[in-house]
Amino acid sequence: NIKVPFATGEWEPFTSEKLPNYGAATELVSAICKAADITPVYGFYPWARCEKTVDTGDAFASFPYAITVERKALFNYSEPLFHSYNVVFYHTKNPKTAKGVKFEKISDLKGYNIGILAGSFVATELEKNGIKYETTTTLDLSIKKLQMGRVDFIIDEQAVTYDTIKKLFPKEMDQFKSLPKPFGNVMANALIVSKKYPNANEILARFNKGLASIKKSGEYDKILKKYNMTK
């Protein structure tokens, strides 16, 4: 058995120092490490520092990170842990959206008032299609606006949004619906792995093997189902 340092940050429900088992993605990483005979040592930091500790080799890896070309230049990646994607949520109390809405392409959302998080890449997509939107500083505020009918839709990551709705309006869960088509691309999330950490390649090979083994045993599916996560 080897002890291995991992860096992660706050992104509920995927990872957080405040959550049981440190959140969904961390629970998944722990299960993989157990199968790989690795003891993970978690450090919680701001995200920019997570990347720095991996870059310098002070931590073996950080997670969950979307797989991008820019990051591939700096880090190695594990096999994908899970996928995340944005969806368009509505509330059934709102007469404009009560019966659902045809959503094949972004321009189908024209004429509706849309709430998004400030700084979200969604803004660029909506602007390109000439669609009005308003921003909030937190997802909680977006969801409250949706519940009150002040916006017709909100667009955000599906597991994160469901988790927040469950906290804010547990009795109204079935009144919040999402349109079936994802908004934008489905993103693979993985470990970013240090190129400078000692024996990083061997540890990564062990980790990937551990992931394959919990997929085989059914434990992987069980964890994903528990948290509404996508393979």
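Hello everyone, and thanks for coming. Two notes on the ground rules. Residues are numbered from 1 along each chain as its sequence is written, and side-chain values use heavy atoms, with hydrogens and water left out. As the model is predicted, local features need pLDDT of at least 70 and side-chain atom pairs count only at pLDDT 80 or more, while totals for chains, interfaces and linings use all residues.

Let's start with the charges. How many salt bridges are there? The count comes to 12, where a salt bridge is a side-chain nitrogen of Lys or Arg within 4 Å of a carboxyl oxygen of Asp or Glu. One of them joins Glu27 and Lys226, 3.0 Å from N to O. That pair links distant parts of the chain, 199 residues apart: Glu27 is in helix 1 (residues 24-35) and Lys226 in helix 8 (residues 219-226). Helices here are DSSP runs of H or I with at least four residues, strands are runs of E with at least two, and both are numbered from the N terminus.

Next, Glu134 and Lys145, whose closest N and O atoms are 2.5 Å apart.

Now for the rings. A search of the whole structure finds 15 aromatic pairs. Rings of Phe, Tyr and Trp (its six-membered ring) pair if their centres lie within 6.5 Å; planes under 30 degrees apart count as stacked, over 60 as edge-to-face and the rest as tilted. Phe89 and Tyr162 are edge-to-face, 5.2 Å centre to centre with 75 degrees between the planes. Phe89 is in strand 5 (residues 82-91) and Tyr162 in helix 6 (residues 158-168), 73 residues apart. Phe89 is buried, with a relative accessible area of 0%. Phe169 and Phe176, by contrast, are stacked, because their planes meet at 25 degrees, with the centres 5.8 Å apart. Both Phe169 and Phe176 are buried. If you like clusters, Phe6, Tyr22, Tyr42, Phe44, Phe60, Phe63, Tyr197 and Phe207 form one.

Finally, back to helix 8. Which of its residues are buried? Tyr220, Ile223 and Leu224 are. They cover an arc of only 95 degrees around the axis, so they sit on the same side of helix 8; the arc is taken from the directions from the helix axis to the C-beta atoms. Lys222, Lys225 and Lys226 are exposed on the other side. The cover over the buried residues includes helix 1, strand 5 and helix 7 (200-217), counting contact as heavy atoms within 4.5 Å. Tyr220 also has Lys215 over its face, 5.0 Å from the ring centre; that calls for NZ of Lys or CZ of Arg within 6 Å of the ring centre and within 35 degrees of the ring normal. After helix 8 comes Asn228, with a positive phi near 60 degrees.

How values were computed:
Buried means under 20% relative accessible area, exposed over 50%, partly exposed in between (1.4 Å probe, protein chains only).
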